[in-house]
Amino acid sequence: MPSILSVSQVSKTYASGHKALDHVDLDIRKGEIFALLGPNGAGKTTLISIICGIVTPSSGTILVDGHDAVRSPREARSRIGLVPQEIAVDMFSTVAATLRFSRGLFGKAPDPAHLDQVLKDLSLWDKRDSQIRELSGGMKRRVMIAKALSHEPDILFLDEPTAGVDVSLRRDMWKMIGGLRERGVTIILTTHYIEEAEEMADRVGVIDKGQLLLVENKSELMKKLGKREMDISLSEPMGVIPADLADWHLTLEDEGHRLRYVFDAQAERTGIPSLLRRLTDLGIGFTDLDTSKSSLEDIFVDLVEQPQEAAA
């Protein structure tokens, strides 16, 4: 699948000396949903701001559907819709007027039917003639999303779009994203709700301290880095783990009522059969076994807690 967005060796160092981005390379495929994960201050918003022409990179190139974002910012930006974290609109304008104005800024001909549909999709139809200052925080967030979609962008950036919003908006948003994807829109999101990335994304990128640690298909990432856990419910509580079980690096949970074993499900040998035999040999009874796989959140936490050299 061809790339609609290509970031090559992009760095950003501010006048203070702070390096927000360090030689980032990233290719986004047309029509995919890409989740960019990272802790606060990792460089997510800086990267989005550079791609959208809000911040100038210190070095590197950005191509948006073949257009250089630095040399041809208008052509590049016209293909992008951005939903920033901050609510930035004319509070005295009506909802409908805000969408019409935003569409006109990108040189698009009037299309009332498109704007009406956007309003309906985001449950804003009944508020179309209201001034934005009269709306609740959640409704203002909906207006920001509608504004980003007003000019029918090929790429939609969602920077922490559901942070602090109600469940209803989150549900409407993900439904809308599914529809956009079906129409071929490329969606790039940053989120602290990792379960959303796990549910929606095709690929995941993890960024920390300005460096892109990895980019991977979500399913492959889960397969390669995901671990499995086995909880062993004990017949009798255990005070300490016997030295004879040291080879399995077990942990004691639930006030001694449960042993936890973390293992690599992709390994040739998981160690489970030998562990169960050893428990039997030691006379340690157990009543139940329960296994679960690690989530994308577990993988993310593991990655950003690694030393930078090891992660890179």
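User: Let's start with the open sheet of six strands: what order do its strands have?

Analyst: Happy to walk through it. The strands of this open sheet line up as β6-β7-β8-β3-β9-β10, and the pairing is mixed. Strands (E, at least two residues) and helices (H or I, at least four residues) are DSSP runs, numbered from the N terminus, and two strands pair if DSSP finds at least two bridges between them. At the edges are β6 (80-83) and β10 (211-217), each of which pairs on one side only. From one strand to the next, the twist averages 15°. This is a predicted model, in which local features need pLDDT of at least 70 and side-chain atom pairs count only at pLDDT 80 or more, while totals for chains, interfaces and linings use all residues. Residues are numbered from 1 along each chain as its sequence is written, and side-chain values use heavy atoms, leaving out hydrogens and water.

User: How many bridges join β3 to β9?

Analyst: Four bridges link β3 (residues 33-37) with β9 (residues 203-208), and the two strands run parallel.

User: Which strands does helix α1 lie across?

Analyst: For such packing, contact means heavy atoms within 4.5 Å. Axes are lines fitted to C-alpha atoms (for helices over the stretch in contact), with angles from 0 to 180 degrees between N-to-C directions. Helix α1 (residues 44-51) lies across β3, β6, β7 (155-159), β8 (186-190) and β9, and runs at about 150° to β7. Helix α5 (residues 137-149) lies across β6 and β7, at about 170° to β6.

User: At what angle do the axes of α3 and α5 cross?

Analyst: The axes of α3 (residues 95-105) and α5 cross at roughly 30° and come within 8 Å. That makes α3 roughly parallel to α5; angles under 35 degrees count as roughly parallel, over 145 as roughly antiparallel, 65 to 115 as roughly perpendicular and the rest as oblique. From α3, the contact uses Val 95, Thr 98, Leu 99 and Ser 102, and from α5, Val 143, Ala 146 and Lys 147.

User: Now the open sheet of four strands: which pairing does it have?

Analyst: Its pairing is antiparallel, with the order β2-β1-β4-β5. Because β2 (19-29) and β5 (67-68) stand at the edges with a single partner strand each, one side of each is left without a neighbour in the sheet. Further in, β1 (residues 3-13) pairs with β4 (residues 59-64) over five bridges in the antiparallel sense. Leu 5 stands opposite Val 64 in β4, and Ser 11 has Ser 59 of β4 as its bridge partner.

User: Where does a positive phi turn up in the hairpin of β4 and β5?

Analyst: Asp 65 takes a positive phi near 50° in that hairpin, which has two residues between its strands. Two bridges join the antiparallel β4 and β5, and Leu 63 stands opposite Asp 68 in β5.

User: How many salt bridges are found in the whole structure?

Analyst: A salt bridge is a side-chain nitrogen of Lys or Arg within 4 Å of a carboxyl oxygen of Asp or Glu. The search finds ten of them. In one, Arg 203 meets Glu 32, with the closest N and O atoms 2.7 Å apart. Arg 203 is in β9 and Glu 32 in the loop between β2 and β3, so the pair ties together parts that are 171 residues apart in sequence.
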